[in-house]
Amino acid sequence: MAKTALALRNAAPPERLGEVVSEVTALAPERVIVDPSLVEAAARAWSANTIRAFLSDIRLWDTWCRLSRVPTGEADSRTVAAYVRALSGQDHDTAAARATEPRAAATIARYLVSIGWAYRMAGRDDPTAAPLVRLELKAARKVLGTKQRQARAIRFKGEGSDLDAPASGVSLGILLKATRRDLLGLRDRALLLTAYDTACRCSELAALQVTDIDGPDTDGAGVIEIGRSKTDQDGQGAQAYLSPVTMRAIAEWRSRAGIDRGPLFRRVETWFDGSIRSVGEDPLYPGSITLIYKRLIRQAFDKRMLGDMSETEVARWIRSVSSHSIRVGVAQDNFAAGESLPAIMQAYRWRDPKTVLRYGAKLAAKSGASARMAARFEGG
């Protein structure tokens with residue numbers, strides 16, 4: 001029963017499935033799909049985020065074809081190759097290219113995957129599979145580079161290497177102090193602490209239900225059941241530890257908000273003067289969690305909790321914070337504490353060691369041999 005409920009909770013809305021069928025039908029010869037069950041099965045198999053990205057990618061591609069005066073269903077490898085050149089900023093000669101914003105290499109590669117899927121499901125030849133397109137993508141990667149921008153880390157006590165020092169700068173400890181002393185603040189504190197304890201992605205945090213929490217135990221700690229996630233589309237589930245501090249924060253939020261069942265983290269609506277109006281019934285939208293992080297950084301700055309940080313630096317912080325910022329900070333704090341790579345991956349459900357090592361790269365640079373040597377000569 002629990003797995004059935006979880007599957008329904010994570011299923012894409014029926015109207016989204018219909019949109020996938022509609023977009024693919026538009027590409028099919030004579031607007032007739034040879035095997036519509038294939039399209040419907042693919043739509044049901046994909047996560048809601050994958051469907052959202054697919055629809056966005058195909059609509060951007062349709063816009064490109066229209067601007068290029070090419071019927072979308074009849075586009076070939078040359079049309080795709082021109083699209084790649086425009087997306088990588090190598091072509092500004094046509095109206096379509098000038099109207100196309102450059103993208104990162106990883107984003108261009110994702111667009112091609114979506115386009116290829118759409119044409120294959122529509123019963124047409126895949127125009128992205130041609131050698132010309134593969135070579136253009138390789139050229140785009142050379143021009144753009146393949147390094148992906150990493151979210152700025154929000155660590156528990158800040159960027160310092162001393163884990164016993166007081167929290168400073170943009171850090172979880174400071175953001176917790178900056179929260180309001182009302183229902184909104186209770187929600188924000190419970191959210192921040194849960195995000196740090198579990199290193200959950202925003203989509204996982206938004207999906208948490210009251211019934212997913214087990215505890216507290218005799219020590220006051222708990223365990224939370226994480227259902228379907230980006231790296232667990234089959235819904236096998238995983239468990240994550242919740243500290244006694246986090247469990248108390250969750251209990252206070254639930255008690256004051258009157259939450260006995262349903263979504264754990266919900267929208268708190270306010271009046272025009274900032275006072276609390278009500279607590280919603282629906283879960284937080286995943287994208288709003290990043291906005292909460294950004295708002296709390298601004299609150300900390302306005303309350304003069306960020307030391308001598310300038311307005312310019314605060315704006316830079318707010319721009320670089322993303323949904324992964326606390327997740328990156330958790331990895332860096334674990335490396336700073338001397339935890340091993342396998343232990344970090346197991347505790348926080350990472351599958352790719354390269355990702356975790358990339359998160360710890362900046363920390364390693366600051367604490368490596370060159371940094372230690374520079375410290376010896378400082379002031380000399």
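1. Phe-156 is partly exposed, with a relative accessible area of 30%; here buried means under 20% relative accessible area, exposed over 50%, and partly exposed in between, with a 1.4 Å probe and protein chains only. The model is a predicted one, in which local features need pLDDT of at least 70 and side-chain atom pairs count only at pLDDT 80 or more, while totals for chains, interfaces and linings use all residues. Residues are numbered from 1 along each chain as its sequence is written, and side-chain values use heavy atoms, with hydrogens and water left out.

2. Tyr-196, at 17% relative accessibility, counts as buried. Phe-156 and Tyr-196 form an edge-to-face aromatic pair, 5.2 Å centre to centre with 65 degrees between the planes. The rule is that rings of Phe, Tyr and Trp (its six-membered ring) pair if their centres lie within 6.5 Å; planes under 30 degrees apart are stacked, over 60 edge-to-face, and the rest tilted. This pair links distant parts of the chain, 40 residues apart: Phe-156 is in the loop between H8 and H9, and Tyr-196 is in helix H10 (residues 183–198). Helices (H or I, at least four residues) and strands (E, at least two) are DSSP runs, numbered from the N terminus.

3. As for the overall make-up, the protein has 18 helices and five strands. Of its 380 residues, 43% count as buried. The accessible surface comes to about 20,600 Å², and 53% of that belongs to carbon and sulfur atoms; such areas come from the Shrake-Rupley method with a 1.4 Å probe, and for residues only the protein chains shown count as cover. Among contacts between residues at least 6 apart in sequence, 61% join residues at least 24 apart, a contact being heavy atoms within 4.5 Å.

4. A search of the whole structure finds seven aromatic pairs. In one of them, the rings of Trp-64 and Tyr-83 have their centres 5.2 Å apart and their planes at 40 degrees, so this pair is tilted. Trp-64 lies in helix H4 and Tyr-83 in helix H5 (residues 77–87), so the pair ties together parts that are 19 residues apart in sequence. Trp-64 is buried, with a relative accessible area of 4%, and Tyr-83 is buried too, at 3%. Trp-61, Trp-64, Tyr-83 and Tyr-111 form one aromatic cluster.

5. The structure holds 18 salt bridges, each defined as a side-chain nitrogen of Lys or Arg within 4 Å of a carboxyl oxygen of Asp or Glu. Asp-57 and Arg-110 meet in one of them, at 2.6 Å from N to O. That pair links distant parts of the chain, with Asp-57 in helix H4 (residues 48–67) and Arg-110 in helix H7 (residues 105–121), 53 residues apart. Asp-57 has 0% relative accessibility and so counts as buried, whereas Arg-110, at 38%, counts as partly exposed.

6. Asp-333 and Arg-155 also form a salt bridge, 2.7 Å from N to O. These two lie in distant parts of the chain, 178 residues apart: Asp-333 in helix H15 (residues 325–336) and Arg-155 in the loop between helix H8 (131–144) and helix H9 (172–178). Both Asp-333 and Arg-155 are buried. In the salt bridge of Asp-76 with Arg-78, the closest N and O atoms are 3.0 Å apart; Asp-76 is partly exposed at 27% and Arg-78 is exposed at 61%. Glu-19, Glu-23 and Arg-59 are linked in a network of salt bridges.

7. Two arginines are placed over tryptophan rings. Arg-120 lies over the face of Trp-117, at 5.1 Å from the ring centre, and the charged end of Arg-277 sits over the ring of Trp-271, 4.7 Å from its centre. The criterion is NZ of Lys or CZ of Arg within 6 Å of the ring centre and within 35 degrees of the ring normal.

8. The largest nonpolar core has 61 residues, and Trp-253 and Ile-326 have the most contacts inside it. H10 gives the most to this core, with nine residues. Apart from it lies another core, of 37 residues, including Cys-65, Ala-82, Tyr-83 and Leu-137. A nonpolar core is a set of buried Ala, Val, Leu, Ile, Met, Phe, Trp, Tyr and Cys residues joined through side-chain atoms within 4.5 Å.

9. Asn-334 lies in helix H15 and, at 13% relative accessibility, counts as buried. Leaving aside neighbours within four places in sequence, Asn-334 is in contact with Glu-339, Ile-344 and Tyr-348.
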